[in-house]
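Reader: I would like a close look at a single part of this model. Please treat it in one connected account, with its surroundings included.

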Amino acid sequence: MKFMFIVKSDHSVAPTPALLEAMHKLANREIRAGRMLDNGGLMPIAEGAQVLIIDGQLSVLDGPFVEAKEVIGGYAVFELHNKEEAVAAAVEFMQLHKDYLPGWEGTCELRAFAPGGP
Amino acid sequence: MTAADAHRAILAVWRIEQPRLITSLARLLRDVPLAEDLTQEALLAALERWPATGVPEKPGAWLMATAKHRALDHLRRGRMLERKHRLIAWDMEEEQQAMPDSALDDDIGDELLRLIFTACHPRLSRDARAALALRMICGLTTEEIARAFLLPEATIAQRIVRAKRTLAESGLAYETPRGHELSERLSSVLEVVYLIFNEGYTAARGQDWLRPQLCNEALRMGRVLTSIAPHEPEALGLLALMELNASRTAARTDAAGEPILMLDQNRALWDQIQIRRGMQALGRARELGGAGGSYALQAAIIACHAEAGTAGDTDWSRIAGFYAELAAVMRSPIIELNRAVAIGMAEGPEAGLEIVDRLMHEPALKSYHLLPGVRGDLLHKLGRYQEARASFEAAAALAGNKREHDLLKRRAAAAADATMS
């Protein structure tokens, strides 16, 4: 089963070098174990853009944006056996934040991929 | 939370730590089968303790401490030579002192490679290698492996116990192949990974999910191998072959679970991202000089299909060329038969039939239903319906499974109808 992990936070605290290093090692271990397929950190929304449809009107919103309350800071894609494994992996990932970025608050949301096929 | 939920949750935590547990213990004890036993014991200890205490904040450290404790107990109990005992106990202290705060600082790559080579030792039967690999590299339980292979749990348990005993008794419990032995041993590893993949790939949909899951386990092993041994072109070739084959999973069966042949599949359902991953792995295998390897060639053939927008766009002469190369590497008449199909598509049924007719007296294909099956197809295309019918009848008589038998019977009937008109 494929899962996407989405990390959200309304704390715009930059990660410490210690956290970055720990996350890097965690990702390397999971890649080598063949469990992690992809991952990435995301730049702030201010540097992105939004393409929307409202009332049948398509429009492009280029920044700067008023900082959204909750921002997606990164994602990862895993191939795992079940939801329990996804929870265990997310707990380990969040524990690193607890250890290396005191005071930070946020959510790691995990979502199973919809199965392909007819 | 039910007991079963708690069990699954603990198993999930253990699986994160399992590779590091087994590799650290193997390094410590110089004994892979024993390391495997103790890794399992750590799981049992967690299953006993954690439901009452909750999962500890650093589960990896808890599991490692428990496993190491047992290792030391084992050494004390065992009839190990005193000197070796002291040596290992000293190693252990050293190791524990050197053990970093974070379990993440452990580079287990080389040890993992040793583990894979041990689990897939050519001295073991292919079935035993497959079971050991799933257990030691993917952390599957005996019960899960049994369900995946549609076998009783006791059979798998016995297979694993015997395999571990064979390793221990043959003095193969802890060694890494080097030099020229390495390539021979690597092929034994790749063979098992591909066997596991095919076991899952041939499973129809809708059955126990663990069976198709074998494809994912094999892909995972392929990713592990190519990340710790990134310069082995055949490992990359096999990964490419598996990714490219797996990319068609969603298109391979209809809503009723009946198989759909590749040329009839809806290509919009092929997973393009997975195809890209497969093409990248194949590209790396070629860069490393491995274009002529047997897995890379098989991947190249599948890549031709993956790259064709429609069945009609398929570059059959290129495929026939790859089959010719593959036949030179593997010397299998089945590959020659596949080449005949490709030539039949590229140059016309007459050219394909010429090859098939040369294979008719091949002893290895005497009872292979696809030989008369392919011949019937080519004859039908040439309008030689009576001969086609006889071929399809012969093929149906040889077919082992009912679905194929029925399909060949239908084709025989169609050829008979064509004779009438």
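How many residues does helix α17 of chain B have, and how far does it reach from its first C-alpha to its last?

Author: The model is a predicted one, and the description that follows should be read as such. Helix α17 of chain B covers residues 370-381, which gives it 12 residues. From its first C-alpha to its last it reaches 16 Å, close to the 16 Å expected at 1.5 Å a residue.

The setting of this helix is a chain with 19 helices and zero strands. The C-alpha trace of chain B spans about 85 × 50 × 40 Å along its principal axes. Of the 421 residues in chain B, 44% are buried. Where contacts in chain B link residues at least 6 apart in sequence, 60% of them join residues at least 24 apart.

Within that chain, α17(B) is mostly covered, with 10 of its 12 residues buried.

After α17(B) comes B:Gly383, which has a positive phi, near 80°.

Technical notes. Residues numbered from 1 in each chain as written. Chains lettered and ligands numbered in written order. Predicted model: local features only at pLDDT ≥ 70, side-chain atom pairs only at ≥ 80, totals over all residues. Helix = DSSP H or I, 4+ residues; strand = E, 2+ residues; numbered from the N terminus. Buried ≥ 20, exposed ≤ 12 C-beta atoms within 10 Å, placed from the backbone. Contact = placed C-beta atoms within 7 Å. Expected span 1.5 Å × (residues − 1).
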